[in-house]
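Let's take a walk through this structure together, one piece at a time. Have the sequence and the 3D view open as you read.

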Amino acid sequence: MSIPKPVYNPPFNVTRASHSLLTVKDLAVSRNFYVDLLGFIVSDEDKDTLYLRGVAEACHHSLVLKRARGEPQAERVGMRVFTEEDLEKAKAFFEKAGLPAKWVEVPYQGRTLHVCDPSGAPIEFCATMDLKPRLVVAFEHHRGAVPQRLDHFQLLVPDVQKACEFWMSMGFRLSEYISPDGTEDLLFVFLQRKGNPHDIVFAPGAGPRLHHAAFGIPESYHFFYVCDLASNMGFAANIEYGPGRHGPGHALFVYMRDPDGHRIELFNTHYQVMDIENEPMRWDASQSMKRRWQLPARQQWFAEASRFAGVELREPARKGDPLSLEKFVAAGMR
Ligand SMILES: [Fe+2]
């Protein structure tokens, strides 16, 4: 295995992770969690759909919740490209790779391109969205964790190396990666377009599945305030992991499961990485664990994720053996 070479003049310009679409069973319950507890701003809503954004976002939505029967699923993750011309180039790129690509109409978005990556993950690209007021200094609208903006997605995929090669061929750059000690195998890859550590992360597992969508929050005390508020509002059991500190990316974090089981990460303090001479930062798997001052995540954090609607799940060639909280306790907490 080897680290793919960066593509400095990409076939089309992706600018950032933009939005995701999740299905939920009860929009009123979701509204209570996302708006009343976490503090998302409602851009629009109807009986079937809730469009949400963070307080620092001027584009219409970064999270779309759709009411649906059956098992809650992720429908799609969205990326922004810079111009309409980039959309045309994206369509040509996917078709040349033998992957499906079609134009669709999506509310509040400009022309939108639906594609699937080689793992089968449904992705959409758009170049524009309707605008809404940016509420970053409208403090009267700030509640809960005060989510600022969508930052990144993490997907579980059966072949991390293949995902890394494909997304880097689109111009994504590797900021950090985790390899098993003494190997160059890619266990976790952190890929970015917007100039901070990641827009999309690939981790090993049965997939493709959406592990989490991550939103930046302004201050470290918001982690504790939103956890206190979650306790008072009956959502204490929805706090899955943290607050804690990541090794890769160095962000503070807390992971929560929404009422339908979708995982949301709240985090802060990412750094800047965009210069041409920047090399990806390598972490030995054991080193990334030693950096940790919080307890390990529960097994469910490693194993559970949102299925993509209508997409076949494939198992990785090799099963991982992550150090879960359950193993850590069984081993005498060392
Ligand atoms: Fe994350």
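Helices (H or I, at least four residues) and strands (E, at least two) are DSSP runs, numbered from the N terminus. What you're looking at is a predicted model, where local features need pLDDT of at least 70 and side-chain atom pairs count only at pLDDT 80 or more, while totals for chains, interfaces and linings use all residues. Residues are numbered from 1 along each chain as its sequence is written, and side-chain values use heavy atoms, with hydrogens and water left out.

Let's begin with helix α1, which covers residues 27–38. Its buried residues are L27, S30, F33, Y34, V35, L37 and L38. Just past the helix comes G39, with a positive phi of about 100°.

Which helix does α1 pack against? That's α4 (residues 221–232), at an angle of about 130° and with the two axes 10 Å apart. That angle makes α1 oblique to α4. Axes here are lines fitted to C-alpha atoms, for helices over the stretch in contact, and angles run from 0 to 180 degrees between N-to-C directions. Angles under 35 degrees count as roughly parallel, over 145 as roughly antiparallel, 65 to 115 as roughly perpendicular and the rest as oblique. Where the helices touch, D36, L37 and L38 of α1 meet V226, L229 and A230 of α4; contact means heavy atoms within 4.5 Å.

Now for the strands. Eight of them build an open sheet with mixed pairing, in the order β2-β3-β4-β1-β5-β8-β7-β6. Two strands pair if DSSP finds at least two bridges between them. At the edges sit β2 (41–45) and β6 (101–104), each pairing on one side only. On average, neighbouring strands of this sheet are turned by 25° against each other, direction ignored. Within the sheet, β7 (residues 112–116) and β8 (residues 122–126) run antiparallel and are joined by five bridges; H114 has E124 in β8 as its bridge partner. Lying across β5 (74–81), β6, β7 and β8 is helix α2 (residues 84–96), which runs at about 145° to β6.

Let's zoom in on T112 in strand β7. Is T112 buried or exposed? With a relative accessible area of 0%, T112 is buried. Its side chain makes a polar contact of 3.0 Å with the side chain of Q109, and also reaches the backbone oxygen of G110 at 2.8 Å. (A polar contact is a pair of N or O atoms within 3.5 Å; within protein, one must be able to donate a hydrogen and the other to accept it, and residues adjacent in sequence count only if both atoms are side-chain atoms.) Leaving aside neighbours within four places in sequence, the contacts of T112 include K102, W103 and V104. In the loop between β6 and β7 you'll find Y108, which has a positive phi of about 70° although it is not a glycine.

Further along is β12 (residues 200–204), where four of the five residues are buried, so this strand is largely enclosed by the rest of the structure. It pairs in the parallel sense with β9 (residues 149–157) over five bridges, L155 having F202 as its partner. With β11 (residues 188–192), β12 runs antiparallel, joined by three bridges. In the loop between β12 and β13 (209–216) sits P208, and the peptide bond from G207 to P208 is cis, with omega near 10°.

Our last stop is a hairpin. Strands β14 and β15 form it with six residues between them, and G249 in the turn has a positive phi of about 85°. Four bridges join these antiparallel strands, β14 covering residues 239–245 and β15 residues 252–257. R245 stands opposite L252. H250, in the loop between the two, has a positive phi of about 60° although it is not a glycine. At a relative accessible area of 38%, H250 is partly exposed. Strand β14 also holds P243, and the peptide bond from G242 to P243 is cis, with omega near 5°.

Definitions and conventions. Buried means under 20% relative accessible area, exposed over 50%, partly exposed in between (1.4 Å probe, protein chains only).
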